[in-house]
Amino acid sequence: MNTLELKNILKFKIDLINDKKFLEALTILIESKTDQIITLSDEQKNSLETSKNEYLLGNFENNNILNEEMEKWLKE
């Protein structure tokens, strides 16, 4: 059985299901495989926006500088 045949069989069988809870569960399962969009909370969006603005203002350090500072701190 190829992919197209399997899809058609599934579509037919889904049409026969009337159990709302089962269909909701099936929807979640299918969406977990097909959705590639990441949904962020408002807090996460705000954090990203703040980080972006700090970067644009030049409020960041070079990774090498930070590594040197961490090495000094660890030696103390």
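Of the 76 residues in the protein, 0% are buried, where buried means under 20% relative accessible area, exposed over 50% and partly exposed in between (1.4 Å probe, protein chains only). The model is predicted, so local features need pLDDT of at least 70 and side-chain atom pairs count only at pLDDT 80 or more, while totals for chains, interfaces and linings use all residues. Residues are numbered from 1 along each chain as its sequence is written, and side-chain values use heavy atoms, with hydrogens and water left out.

**Fold and dimensions**
- The protein contains four helices and zero strands; helices (H or I, at least four residues) and strands (E, at least two) are DSSP runs numbered from the N terminus.
- The radius of gyration is 25 Å, whereas a compact globule of 76 residues would have one near 11 Å (taken over C-alpha atoms; the globule rule is 2.2 Å times the number of residues to the power 0.38).
- The C-alpha trace spans about 70 × 30 × 25 Å along its principal axes.

**Nonpolar patch**
- Met-1, Leu-6, Ile-9, Leu-10, Ile-14 and Ile-30 make a nonpolar surface patch of about 550 Å².
- Such patches join nonpolar side chains (Val, Leu, Ile, Met, Phe, Trp, Tyr) within 5 Å, from residues with over 30% relative accessible area and no salt bridge (a side-chain nitrogen of Lys or Arg within 4 Å of a carboxyl oxygen of Asp or Glu).
- Helix H1 (residues 3-16) supplies the largest share of this patch, four residues.
- Ile-9 lies in helix H1 and counts as partly exposed because its relative accessibility is 33%.

Methods
Patch = residues over 30% accessible without salt bridge, like charges linked within 9 Å, V, L, I, M, F, W, Y side chains within 5 Å. Areas by Shrake-Rupley, 256 points an atom, 1.4 Å probe, with all protein chains shown as cover.
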